Amino acid sequence: MTFKIEKDSDRQSTTIRLIGRIQSEHLDELKAQISAAGRASALDVGGISLISVEGIRFLNSCAASGVSIANASPYISKWMALERKFPQKGEKQ
């Protein structure tokens, strides 16, 4: 399996579950899914087996805009923290 998106919605929020490997080519579809949710969203990243640096930066931008990041593995959480602490030139903190 490469990458899969599952959505679970109730009247108040939408959880988008990410499964598999997230690479840069998946980010446009993921952005569209988050926009389509239209309500308070959460990304459940517990099913991610591999993620690119662009994916980590995307998760950080989602978190900064109020999207909850749930069930992150320790390596994803730590990588996200490192990217926030040491952003690349031209990126916002």
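Me: Setting aside its neighbours within four places in sequence, which residues is His 26 in contact with?
Reply: Quick background: this is a predicted model, so local features need pLDDT of at least 70, side-chain atom pairs count only at pLDDT 80 or more, and totals for chains, interfaces and linings use all residues. Residues are numbered from 1 along each chain as its sequence is written, and side-chain values use heavy atoms, with hydrogens and water left out. His 26 sits in the loop between E2 and H1; helices (H or I, at least four residues) and strands (E, at least two) are DSSP runs numbered from the N terminus. Counting heavy atoms within 4.5 Å as contact, the partners of His 26 are Thr 2, Phe 3 and Arg 21.

Me: OK, is His 26 buried or exposed?
Reply: The scale is relative accessible area, with under 20% buried, over 50% exposed and anything in between partly exposed (1.4 Å probe, protein chains only). His 26 comes out at 14%, so it is buried.

Me: At what angle do H2 and H3 pack?
Reply: Axes are lines fitted to C-alpha atoms, for helices over the stretch in contact, and angles run from 0 to 180 degrees between N-to-C directions. Under 35 degrees counts as roughly parallel, over 145 as roughly antiparallel, 65 to 115 as roughly perpendicular and the rest as oblique. H2 and H3 are therefore roughly perpendicular. Their axes are 9 Å apart, and the angle is about 75°.

Me: How many of the residues where H2 meets H3 are nonpolar?
Reply: From H2 come Val 53, Ile 56, Arg 57, Leu 59 and Asn 60, and from H3 come Ile 76, Trp 79, Met 80, Glu 83 and Arg 84. Ala, Val, Leu, Ile, Met, Phe, Trp, Tyr, Cys and Pro count as nonpolar, Asp, Glu, Lys and Arg as charged, and the others, Gly among them, as polar. One residue of this contact is polar, three are charged, and the nonpolar ones number six.

Me: Which residues are linked in a network of salt bridges?
Reply: A salt bridge here puts a side-chain nitrogen of Lys or Arg within 4 Å of a carboxyl oxygen of Asp or Glu. Glu 6 pairs with Lys 4 at 3.2 Å and with Arg 17 at 3.1 Å; the Arg 17 pair ties strand E1 to strand E2. Arg 17 also bridges to Asp 44 at 3.9 Å, linking E2 with E3 across 27 residues. The network is made up of Lys 4, Glu 6, Arg 17 and Asp 44.

Me: Where does Asn 71, with its positive phi, lie?
Reply: Asn 71 has phi near 60°, a positive value in a residue other than glycine. Asn 71 is exposed, because its relative accessible area is 52%. Its place is in the loop between strand E4 (68-70) and H3.
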